Amino acid sequence: MTIVAIGSIPLILVLGNSMLIPVLPRMKTELGISQFQVSMVISVFSIAAAIMIPVLGYLSDRFSRKAVVIPALILYGSGGILAGAAAAWFSSPYMWIIAGRIMQGIGAAGTTSMAMALTGDLFKGGEQSRVLGLVEASNGFGKVISPIIGSLVALLFWYAAFWAFPIFCLASILLTVFFIKEKKKEKEPPPVGKYVKGLLSVFKTEGRWLFAAYLTGATCLFTLFGILFYISDILEKEHQIDGVLKGGILAIPLLFMTTTSYITGSKIGKNMRLMKSLIILGLILMTASFASLVLFTSLVPFFAVLAVSSIGTGLALPCINSFITGSVPADRRGFVTSLYGSVRFLGVAIGPPIYGALMEWSRTGMFLVTAGLTLFVALLCLMLIHVPKKEPSKHRDSLFDKMQFS
């Protein structure tokens, strides 16, 4: 039940964006807004989260994870109520919806990164990697079911998804309160100055590979939500597919990603060499898939090729999560995993507007630019993530060596 409770936290986060993806074209029509304005419904959520995640990460290190998670989930649900009420009763609801989405983004800052930090706190060794794989799989499972849920609740009225958020948040709050038992801190948290100094030492020692890891996470989420934005648009405009069928089609690439994430997390243990290989392999699969998509316009072959990219994402993300979660001491883990959460959110934030612009420019150019980006990130990981050839000696100078992975 502890794992279920931890997994429910990122699940709530994913619903915040993915559940709205099928509704965006309808929202654009109902509110009479532009393509850019409708993309901002996704982007402001992610930008607010990206800004607040490091702050909440520090607070979780300073106090406790649950002291951050529970208020964050309450704020998240309240933002959904504001957005839903505005859509239902206000004559000009767009700015109120944006305000509600910003509230939700701030609340979302206390979700996935906190789940990763809790996993690092409560589980060790190979079990930690398995649970991190489950957390990423929960994240992916949320992405799979959320377009379907969004399409189903939209059958009631287009803004029904906003009212669903507080219900899911309440369930996660109850699970967190009753089933997550944090260990008591053995010593007082360091003062701010000492804490910042410790963080700087982490990034000074391990900054190169952390940069590559952060960029990989951001790229995976950027391409994922950018492509979902593109698919949602073409399904409705070019193929006249809407409703639950549309949600089910959007879930196909996410299902491949989720399944791969679960299997990867359960198999990697603490094998650093395997993790690096899978990260690079995943990015290469993404590159090949995106480069090939320019050749396909029919739905079946298009989704078959896109599934290869989803498998690549599912290979890379659990490995990146394990690297980052095991890289720092517990007293700074909240901030470092939160910063990782920030860059992932930035990837989500910039995906829809950038893909919207690329769609207007050139379909071929959009896929080739995406393929070039994933290839560049693969080369960075190859060069910057170094795995010791031998078992580390007892004298370990860097935190990366101190991870004690084989």
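Contact means heavy atoms within 4.5 Å. The views below show a predicted model, in which local features need pLDDT of at least 70, side-chain atom pairs count only at pLDDT 80 or more, and totals for chains, interfaces and linings use all residues. Residues are numbered from 1 along each chain as its sequence is written, and side-chain values use heavy atoms, with hydrogens and water left out.

**View 1. The whole chain.** The chain has 15 helices and zero strands. Both are DSSP runs, numbered from the N terminus (helices: H or I, at least four residues; strands: E, at least two). Of contacts between residues at least 6 apart in sequence, 85% join residues at least 24 apart. Of the 406 residues, 58% are buried. Buried means under 20% relative accessible area, exposed over 50%, and partly exposed in between (1.4 Å probe, protein chains only). The accessible surface is about 16,300 Å², and carbon and sulfur atoms hold 70% of that surface. Areas come from the Shrake-Rupley method with a 1.4 Å probe; for residues, only the protein chains shown count as cover.

**View 2. The largest nonpolar core.** This core has 117 residues. A nonpolar core is a set of buried Ala, Val, Leu, Ile, Met, Phe, Trp, Tyr and Cys residues joined through side-chain atoms within 4.5 Å. Phe 162 and Ile 231 have the most contacts inside the core. Helix H9 (residues 192-237) supplies the largest share, 17 residues. Leaving aside residues up to four places away in sequence, Phe 162 touches Leu 20, Met 27, Gly 80, Ile 81, Ala 83, Gly 84, Ile 97 and Arg 101.

**View 3. Trp 96 and its neighbours.** Trp 96 sits in helix H5 (residues 94-108). Its relative accessibility is 45%, so Trp 96 counts as partly exposed. Beyond four places in sequence, Trp 96 touches Leu 82, Ala 86 and Phe 90.

**View 4. A nonpolar surface patch.** Met 1, Val 4, Leu 170, Leu 174, Val 177, Phe 178 and Phe 179 make a patch of about 650 Å². Patches are made of residues with over 30% relative accessible area and no salt bridge; like charges are joined within 9 Å, nonpolar side chains (Val, Leu, Ile, Met, Phe, Trp, Tyr) within 5 Å. Helix H8 (residues 160-179) gives the most, five residues. Leu 174 lies in H8. At 42% relative accessibility, Leu 174 is partly exposed.

**View 5. Helix H11.** Which residues of H11 are buried? They are Met 272, Met 275, Lys 276, Leu 278, Ile 279, Ile 280, Gly 282, Leu 283, Met 286, Thr 287, Ser 289 and Phe 290. At 1.5 Å a residue, the 21 residues of H11 (residues 272-292) should span 30 Å, and the end C-alpha atoms are 30 Å apart, which agrees. The expected span is 1.5 Å times one less than the number of residues.

**View 6. Salt bridges.** A salt bridge is a side-chain nitrogen of Lys or Arg within 4 Å of a carboxyl oxygen of Asp or Glu. The count comes to two. Glu 30 pairs with Arg 26, the closest N and O atoms being 3.2 Å apart. Both lie in helix H2 (residues 24-31), four residues apart, about one turn. Glu 30 is partly exposed at 43%, and Arg 26 is partly exposed at 37%. Asp 233 meets Lys 237 at 3.4 Å, N to O. These two are four residues apart in H9, so about one helical turn separates Asp 233 and Lys 237. Asp 233 is buried at 12%, whereas Lys 237 is exposed at 52%.
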